Amino acid sequence: DAGITQSPRHKVTETGTPVTLRCHQTENHRYMYWYRQDPGHGLRLIHYSYGVKDTDKGEVSDGYSVSRSKTEDFLLTLESATSSQTSVYFCAISGGSGGSDTQYFGPGTRLTVL
Amino acid sequence: KQEVTQIPAALSVPEGENLVLNCSFTDSAIYNLQWFRQDPGKGLTSLLLIQSSQREQTSGRLNASLDKSSGRSTLYIAASQPGDSATYLCALWDSNYQLIWGAGTKLIIKP
């Protein structure tokens, strides 16, 4: 298994509070991704990174920000959590040209916003 | 806009059968295609990656094929086992290097 960890694994928070999820990799892959997975919507890309300090928006980026100050860490921040952001969040990594190599996923973070 | 469809949405077969899962896409201008499995409450596990220049890839009892001209990929599972029960997802990289996901096929293998 690829070396990807996510923390925390579970979190319950209240509406309006900021939340930061962390993804850590030990594979030295260039590309890192944040997805959310919801019933009826499947996997949706939030943000991705193609290098240190290089990030871009995905399909559902509103209300989320990211930062990548080191190759191994990719942080996802919910600036002011809302109930619609209750979801399972997955981090993924990949290498290759343009990131189109095998994509490996972390174990996920289950976030509940009350 | 690229669309990925997986049919059927659910499939139940007896143990030991060979089976095929289907993945179709609307735009043949793709890069690589990847098959994953997801167990309930778990993350996604990569099964096979087919590069755009390849026709198929094999790993153990799994064989994935890719036909870009017909917009189709199949995942063949030989001699199915109860441990193969999971949701199987296909995803492909479009021309913008974004992964486009199918909704998945939920597979149940009955002992």
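Two disulfides are present over all chains of the structure, which is a predicted model. In chain A, the bond is formed between A:C23 and A:C91, whose sulfur atoms lie 1.9 Å apart. The torsion about the S-S bond of A:C23 and A:C91 is about -70 degrees, and the disulfide is therefore left-handed. Because A:C23 belongs to strand β3 (residues 19–25) of chain A and A:C91 to strand β9 (residues 87–94) of chain A, the pair ties together parts that are 68 residues apart in sequence. Both cysteines, A:C23 and A:C91, are buried.

In chain B, a disulfide is formed by B:C23 and B:C90, with a separation of 2.0 Å between their sulfur atoms. Here the torsion about the S-S bond of B:C23 and B:C90 is about 70 degrees, so this disulfide is right-handed. The pair joins distant parts of the chain, with B:C23 located in strand β3 (residues 19–25) of chain B and B:C90 in strand β9 (residues 86–93) of chain B, 67 residues apart. As to accessibility, B:C23 is buried, and B:C90 is likewise buried.

The contact between the two chains was examined next. The size of an interface is often given as the accessible area lost when the parts come together. By this criterion, chain A and chain B bury about 1,300 Å² between them, of which 54% falls on carbon and sulfur atoms. Within chain A, the residues that lose the most area to chain B are A:L43, A:S100 and A:F105, which together account for 34% of what that side buries. In terms of residues, the contact draws 16 from chain A and 14 from chain B.

With regard to specific interactions across the contact, the count of salt bridges between chain A and chain B is zero, whereas two residue pairs are in polar contact between these chains, both at pLDDT 80 or more. On the side of chain A that touches chain B, at least two residues are supplied by each of the strands β4 (31–38), β5 (42–51) and β10 (103–105) of chain A. The largest share of that side, three residues, is contributed by β5(A). Classified by residue type, the side of chain A that touches chain B comprises seven nonpolar residues, eight polar residues and one charged residue.

Technical notes:
Residues numbered from 1 in each chain as written. Chains lettered and ligands numbered in written order. Predicted model: local features only at pLDDT ≥ 70, side-chain atom pairs only at ≥ 80, totals over all residues. Heavy atoms only, no water. Contact = heavy atoms within 4.5 Å. Buried area = accessible area lost by both parts, 1.4 Å probe. Salt bridge = Lys/Arg side-chain N within 4 Å of Asp/Glu carboxyl O. Polar contact = N/O pair within 3.5 Å; in protein donor to acceptor, adjacent residues only side chain to side chain. Helix = DSSP H or I, 4+ residues; strand = E, 2+ residues; numbered from the N terminus. Nonpolar A, V, L, I, M, F, W, Y, C, P; charged D, E, K, R; others polar. Disulfide = S-S within 2.5 Å. Buried < 20%, exposed > 50% of the residue type's maximum accessible area, 1.4 Å probe, protein only.
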